[in-house]
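Good morning, colleagues. Please look at the sequence and the structure on the screen, and I shall then take you through them.

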Amino acid sequence: MSSADASASAEADSEPWRSEDPVRPTAVRGFGDRVFRWQLTAAGVTVLAIMAAVGVFLLLRATAALKVTGFSFLTTAQWQPDVHHFGIAAVLTGTLLIALVAVAVSFPLALGTALFISDVAPRGLRRTLVAMVDLMAAVPSVVYGLWGLFFLQTHVIGLSRWLSQWLGWIPFLHVDGAQPGEPLASSSVYTASTFVAGLVVALMVAPIQCSVMREVFAQAPLGEREGAYALGATRWGVIRAVVLPYGRGGMIGGTMLGLGRALGETIAVYLIISPVFTIQPHILQTGANSVSSLIALHYGDASDFGMSALMAAGLALFLLTLAVNFTASSVVARSRSGAQSEA
Amino acid sequence: MQDVEDSPVVAVADGIAEEAVVPDPPDQPRRIGGLSRTGVLSLCGAAASGLCIAILLFGQLAPLSGAFGFTVVAYATFLTVYAVLTGLEEDGPAIRDKVMTVVLWSAASVLFSGLVLVVGFTLWRGREALPHWNFFTQDMQAAGPLDPLSNGGIAHAMLGTLIMISIALAITVPLGLACAVYLNQIPGAFSRFVRTIVEAMTALPSIVAGLMVYATWILGLGLQKSGLAAGFAISVMMLPIVIRAADVVLRLVPGTLTEAAEALGAPRWRTVWHVILPTARSGLATAVILGTARGIGETSPVLLTAGFTAALNADPTAGPMISLPLAVFSFVKSPEPTMIARGFGAAAVLMALVLVLFTIARLIGGRGAGHRSKGQARRAARASRRDVQRFDDLHAPALPLFDGENH
């Protein structure tokens with residue numbers, strides 16, 4: 001029997017069998033698989049429920065306070081819930097200012113470090129540097145707070161004085177009660193300020209921004225980089241022409257993720273600032289406040305209604321960070337698809 | 001370019017005659033990166049002149065003062081001088097490249113020196129409390145604020161941290177990993193929705209997590225503040241972090257491995273259990289450990305849900321419990337120097353704990369899914385040899401002699 005015959009007969013044998021019962025390459029879903037799928041879905045639903053519960057319970061607890069104040073909750077700068085005179089105007093401004101200072105300081109640092117790791121640093125050093133950035137993100141916030149309170153604060157007074165002396169004409173850098181020409185003037189007007197808190201928070205959020213940016217920069221297409229080098233570009237030329245345009249989404253998204261983290265920071269801010277309940281636009285001046293440190297400060301001695309008011313403040317913070325973070329992750333996700341490198 | 005066009009004129013000047021007589025210099029490949037002698041020299045020269053000009057301005061000539069202004073002036077001078085020195089030899093793009101390289105180096109060194117300062121300062125200030133052995137074995141029940149460091153310690157906070165993080169891990173690890181597998185294995189509109197929510201929740205302010213547990217557990221159910229509540233609060237905060245990291249790792253498992261398992265007819269749960277999870281094991285462990293490091297350091301959820309205590313409490317279900325970060329927080333709020341020293345000691349212990357966890361995570365992780373360490377490769381080879389042996393043994397007696405006995 002020749003091989004041709006054999007294959008022909010095999011063909012003849014298999015042909016009717018295949019047409020009657022086509023073998024589809026799908027795994028059989030047995031009982032075990034169905035149970036498995038149900039378990040996994042249950043886990044997903046549980047996680048979703050926990051995350052939804054955060055918002056729902058805050059809202060439930062906050063309704064009592066929100067009913068009393070209504071819209072003025074957003075415009076009142078005082079915090080006296082027991083006489084029904086309270087609002088988050090001051091603390092929300094403080095939160096935003098601290099976060100803005102933090103992002104303004106951390107953005108150049110994070111961008112520089114991310115570019116350094118992705119393009120400039122010696123190859124052998126890169127893994128170590130990435131690990132160091134990750135470690136920086138894992139350092140507990142209370143440790144940053146300690147450092148800010150006992151180390152940075154005393155060293156930053158000179159900087160604050162210098163800024164207010166030379167740039168005090170810019171409204172938000174003005175400091176009441178400062179005596180610029182007087183070397184022996186009290187330095188206490190410069191401590192416990194938005195600026196100091198912002199600097200500490202900047203160190204805490206920089207690693208998050210840096211790792212997001214680095215990830216996006218590392219994905220910049222190798223072909224385009226090499227093309228730029230082949231055309232005679234310098235390393236900075238490649239960064240300008242390829243890496244930065246490609247990574248723009250990651251830069252925006254990473255910065256906003258850092259902003260979201262900065263808005264929610266509690267303990268470091270609580271340790272550093274001295275709380276005030278007025279809108280404090282002078283960032284170098286002592287006294288500031290944030291929503292999270294307000295909660296940490298008042299939860300202990302709050303009445304039932306005061307607790308409800310704190311829950312409302314927490315809800316506002318929650319919604320704010322959620323909005324910032326949703327925007328950030330959608331920007332990052334869009335940049336990862338590489339859609340921008342085509343343009 | 002300029003040199004070549006001007007060559008007849010320039011050739012007269014004897015200083016650069018050698019350059020000019022070459023009519024069309026061959027293209028030199030551009031040096032990108034790497035050290036050269038002139039580069040190092042101009043860097044040193046620029047640094048020296050930056051420093052000198054700043055000292056001159058601040059000490060003698062101008063009424064400037066302050067360390068910050070000094071740094072700014074010195075750095076600006078340094079950059080300018082460096083640009084000028086580089087410009088003596090190189091063209092415009094190269095100058096920009098060199099200057100920006102220096103700027104990137106300085107940005108990275110500022111950030112990393114910040115990290116070194118934070119860690120170093122904490123460990124340095126912790127040196128007063130750490131040599132006392134009782135610091136690790138006693139609680140603060142018998143020690144007042146004025147007592148010396150040889151009395152009282154943070155044993156209660158260490159135990160509390162251990163208990164709280166165990167509770168949080170007991171919740172987070174199974175639930176988080178199952179959810180990550182769900183996101184990977186059962187794609188669809190709903191799992192995309194879950195993923196979006198989880199990603200948005202990674203930036204959940206930790207105090208909001210504490211507030212939520214406070215609202216449900218303490219105000220809603222009327223239970224007292226306890227270690228259990230703090231464990232819940234920490235796990236609410238840790239869950240999204242662990243899920244997200246595990247999700248990324250699971251996505252990296254090579255598709256060929258799962259396809260091979262499916263082709264052999266394995267049901268999905270066996271594929272996940274025997275192929276996907278073992279392949280991603282090191283990455284998953286890293287995700288869990290990094291989440292743990294973050295959870296251990298959280299103060300504000302614990303602050304709201306655990307309460308303060310100076311006594312050792314090993315029962316998470318009843319009575320207040322304290323954790324290391326919360327102990328640091330309460331110690332340093334005291335004006336007494338010994339209490340502040342205790343706070344730094346506790347912070348140093350916490351920092352050491354995070355460092356150890358981080359090192360472990362780097363040691364077992366750090367490799368992509370499917371890449372094995374040498375030991376793992378050896379073990380796999382040994383197992384595979386055993387399997388070959390087993391198959392051989394199975395087939396060896398398959399002689400007609402024993403055929404009857406098998407049936």
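What percentage of the 407 residues in chain B is buried? Buried residues make up 43% of chain B, where buried means under 20% relative accessible area, exposed means over 50%, and partly exposed lies in between, with a 1.4 Å probe and protein chains only. Before I continue, a word on the basis of these values. This is a predicted model, in which local features need pLDDT of at least 70 and side-chain atom pairs count only at pLDDT 80 or more, while totals for chains, interfaces and linings use all residues. Residues are numbered from 1 along each chain as its sequence is written, chains are lettered from A and ligands numbered from 1 in the order in which they are written, and side-chain values use heavy atoms, with hydrogens and water left out.

Chain B has 19 helices and zero strands; helices (H or I, at least four residues) and strands (E, at least two) are DSSP runs numbered from the N terminus. Of the contacts in chain B with a separation of 6 or more, 68% join residues 24 or more positions apart, a contact being heavy atoms within 4.5 Å.

I turn now to the interface. Chain A contributes 82 residues to the contact and chain B contributes 92 residues. Together the two chains bury about 8000 Å², 81% of it on carbon and sulfur atoms; this is the accessible area (1.4 Å probe) that two parts lose on being put together, summed over both. On the side of chain A, M51(A), W236(A) and Y299(A) lose the most area to chain B, together 8% of what that side buries.

How many residue pairs are in polar contact between chain A and chain B? The count is seven, with both residues at pLDDT 80 or more. A polar contact is a pair of N or O atoms within 3.5 Å; within protein, one must be able to donate a hydrogen and the other to accept it, and residues adjacent in sequence count only if both atoms are side-chain atoms. Helix α2 (residues 31-69) of chain A supplies the largest share of the side that touches chain B, 19 residues.

Finally, the nonpolar core, a set of buried Ala, Val, Leu, Ile, Met, Phe, Trp, Tyr and Cys residues joined through side-chain atoms within 4.5 Å. The largest has 173 residues, of which W79(A) and F318(A) touch the most other members. Beyond its neighbours within four places in sequence, F318(A) contacts residues including V54(A), L58(A), M201(B) and L204(B).
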